[in-house]
Amino acid sequence: MPNLFSYGTLQKEQVQLETFGRHLQGEKDILSGYKLNMLEITDPEVLRKSGQKYHPVLEFSGNNEDEIEGVLFEVTDEEVLQADEYEVDDYKRIETVFKSGKEGFIYVGKWSLQAT
């Protein structure tokens, strides 16, 4: 099963229920080399689900001292696609390795990838 790292609204029970139809199971993990920024959300459906106008977004820093704590959820391939639908167009899904050594998907700001 794929892993999906959440550092924001996908940790909320309401978002999980409405996006995946279930509560996700996961373990805390750490992502190195990224910083958090905030992104203004304008998509009405995402605003309704999350209840938040601003969502955190990862930005690549390349500095291993920059660490983001979050939860690494086990999801199905179908749930990865459902997460893609939930995340707005300013995010892009990529695969990476976490401090635990596990691999998984993260959502980063599309503009962040232009600097890498």
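So, where is the place of Gly 8? Gly 8 sits in the loop between β1 and α1 (13-20). When I say helix or strand, I mean DSSP runs numbered from the N terminus: helices are H or I with at least four residues, strands are E with at least two.

Quick housekeeping before I go on. This is a predicted model, with local features needing pLDDT of at least 70 and side-chain atom pairs counting only at pLDDT 80 or more, while totals for chains, interfaces and linings use all residues. Residues are numbered from 1 along each chain as its sequence is written, and side-chain values use heavy atoms, with hydrogens and water left out.

Okay, back to Gly 8. Gly 8 is partly exposed, at a relative accessible area of 24%. My cut-offs there: buried is under 20% relative accessible area, exposed is over 50%, and partly exposed is in between, using a 1.4 Å probe and protein chains only.

Thr 9 is in the loop between β1 and α1, and with a relative accessible area of 6% it's buried. Its side chain joins that of Tyr 86 through a polar contact of 2.7 Å. By polar contact I mean a pair of N or O atoms within 3.5 Å; within protein, one must be able to donate a hydrogen and the other to accept it, and residues adjacent in sequence count only if both atoms are side-chain atoms.

Now, the empty space. Rolling a probe the size of a water molecule over the atoms shows where empty space is left. Here a cavity is a set of points, on a 1 Å grid over the protein atoms alone, where a 1.4 Å probe fits but cannot get out, and lining residues have an atom within 4 Å of a point. Grid points are joined across faces, edges and corners, and the volume is the space filled by probe spheres set on the points. The largest cavity has a volume of about 100 Å³. By type, the lining divides into 6 nonpolar, 4 polar and 1 charged.

On to charges. Side chains of opposite charge can pair when their charged atoms come close. I call it a salt bridge when a side-chain nitrogen of Lys or Arg is within 4 Å of a carboxyl oxygen of Asp or Glu. The structure holds 7 of them. Take Glu 79 and Arg 22, whose closest N and O atoms are 2.6 Å apart. That pair links distant parts of the chain, with Glu 79 in helix α3 (residues 77-86) and Arg 22 in the loop between α1 and β2, 57 residues apart. Glu 79 is buried at 6% relative accessibility, whereas Arg 22 is partly exposed at 27%.

Another one is Lys 102 with Glu 27, closest N and O atoms 3.1 Å apart. Lys 102 lies in the loop between β6 (91-97) and β7 (103-109) and Glu 27 in strand β2, so this pair ties together parts 75 residues apart in sequence.

Which brings me to Asp 29, in strand β2 (residues 26-32). Asp 29 is buried yet has no salt bridge, and the nearest side chain of opposite charge is Lys 102, 5.8 Å away. (Lys and Arg count as positive, Asp and Glu as negative; His and the chain ends aren't counted.) What Asp 29 does have is a side-chain polar contact with the side chain of Ser 100, at 2.5 Å.

Last stop: Ser 50, in helix α2. Ser 50 counts as buried, at 5% relative accessibility. Its C-alpha is 27 Å from that of Ser 61, 11 residues apart along the chain.

How values were computed:
On a 1 Å grid over the protein atoms alone, a cavity is a set of points where a 1.4 Å probe fits but cannot get out, and a pocket is an open set with protein on both sides within 12 Å along at least five of seven lines; lining residues have an atom within 4 Å of a point. Ala, Val, Leu, Ile, Met, Phe, Trp, Tyr, Cys and Pro count as nonpolar, Asp, Glu, Lys and Arg as charged, and the others, Gly among them, as polar.
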